[in-house]
Amino acid sequence: MLYRYRRPINGGDLFASIILFLIIVSIIAVLAVYLGAFILFIFLAIGVGIAFIYSIVLYIKAFIRAISNTKNISSKGTISTLLLKSLLLLKESSWLALKFNINIAHSSIIKAHSYKFFSFKKWMWLIVAPSVLILGSILIVILGFAQLSFLIFISLFSLLLFGVIVVLCSLISIFQNAAKTFEIIKNCLIKYNLFCFNYSKATKYKEFLFSVKTFFYNLFLIIKCEIIEELKEAKTSYNNAKLYGLLHIKRYYNYGKILSILVITLLSIIILFVLCIILFIILSITNFVWATINAIFNH
């Protein structure tokens, strides 16, 4: 009979076998973890993709419904109505989109419960539920901020455009208002006489002092008269402006007239005051000299 010699197993061989086994198990475990992470990433990507599409579709749906809900909203004026509608549209679309996202998240959780624990669809819908809430909320904030920024930009641009139109209209009407202001000042000067100094033979120093007081009092009445008449002109232009629509050029022409009336009134008051002070100096000196001459020769 033939016998085969078997070398006895020593401790080193046994230790090496265990180490080799552990290495193989570790490699398999690492591969399993990587494979599981890859599969989980696929689930996550699919769920997030579905949630992203849901968020966009739901916001569009909410925006369309918000338009129909705010269609009959109105205010006193055209501008106030547009602003009110825009703000309500922003509020309504954001609130509806949030409600739709919550409903989809709730429906996703219900769908996930209908599948087995290791089912692909179960984990897909479980990922969709929080993703649609997070992505939907982010989308609501971003689009809401974009709408608000656009509304602010349009408002500022419109104000700037209206301001430019009003300034141009005021430059066009400035000559007409200047002629009207000159006529108003002329009528006020006729009504309140500034030439109140006395040059008769009976002129005395106390009459000179009275003339000074009267001069400045009449100057105050003239300026007051001009301001009142100019305000009447401005009020007339304002009432005329309201007769035309928001985009009618005559509306802004009348607003421009108001601006030019205010500017011309201010400039005319300054010029009138300076000229009257110069006139006062000349008249007061001559009247004081005349009163002195009368005091010498009629003493």
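Predicted model: local features only at pLDDT ≥ 70, side-chain atom pairs only at ≥ 80, totals over all residues.
Which residues does S93 touch, not counting residues up to four places away in sequence?

Residue numbers start from 1 along the chain.

So, S93. You'll find S93 in helix α2, which spans residues 78-113. Its contacts, leaving out residues up to four places away in sequence, are Y59, A62, F63, A66 and Q147. Is S93 buried or exposed? Buried: the relative accessible area of S93 is 0%, and the cut-off for buried is under 20%. The side chain of S93 also has a polar partner. That side chain reaches the backbone oxygen of L89, at 2.7 Å.

Now the cysteines. How many disulfides does the structure hold? One. C188 pairs with C225, and their sulfur atoms sit 2.3 Å apart. The pair links distant parts of the chain, 37 residues apart. C188 lies in helix α3, residues 120-191. C225 lies in helix α4, residues 205-241. What is the handedness of the link between C188 and C225? Left-handed, with -70 degrees about the S-S bond.

Next, accessibility at that disulfide. C188 counts as buried because its relative accessibility is 1%, under the 20% cut-off. C225 is buried as well, with a relative accessible area of 13%.

Two further cysteines to note. C169 has 6% relative accessibility, so C169 counts as buried. C276 has 4%, so C276 counts as buried too.

To recap. S93 is buried in this model, and its side chain reaches the backbone oxygen of L89. C188 and C225 form a disulfide, and the link is left-handed. Thanks, over to you.

Terms used: Heavy atoms only, no water. Disulfide = S-S within 2.5 Å. Helix = DSSP H or I, 4+ residues; strand = E, 2+ residues; numbered from the N terminus. Buried < 20%, exposed > 50% of the residue type's maximum accessible area, 1.4 Å probe, protein only. Polar contact = N/O pair within 3.5 Å; in protein donor to acceptor, adjacent residues only side chain to side chain. Contact = heavy atoms within 4.5 Å.
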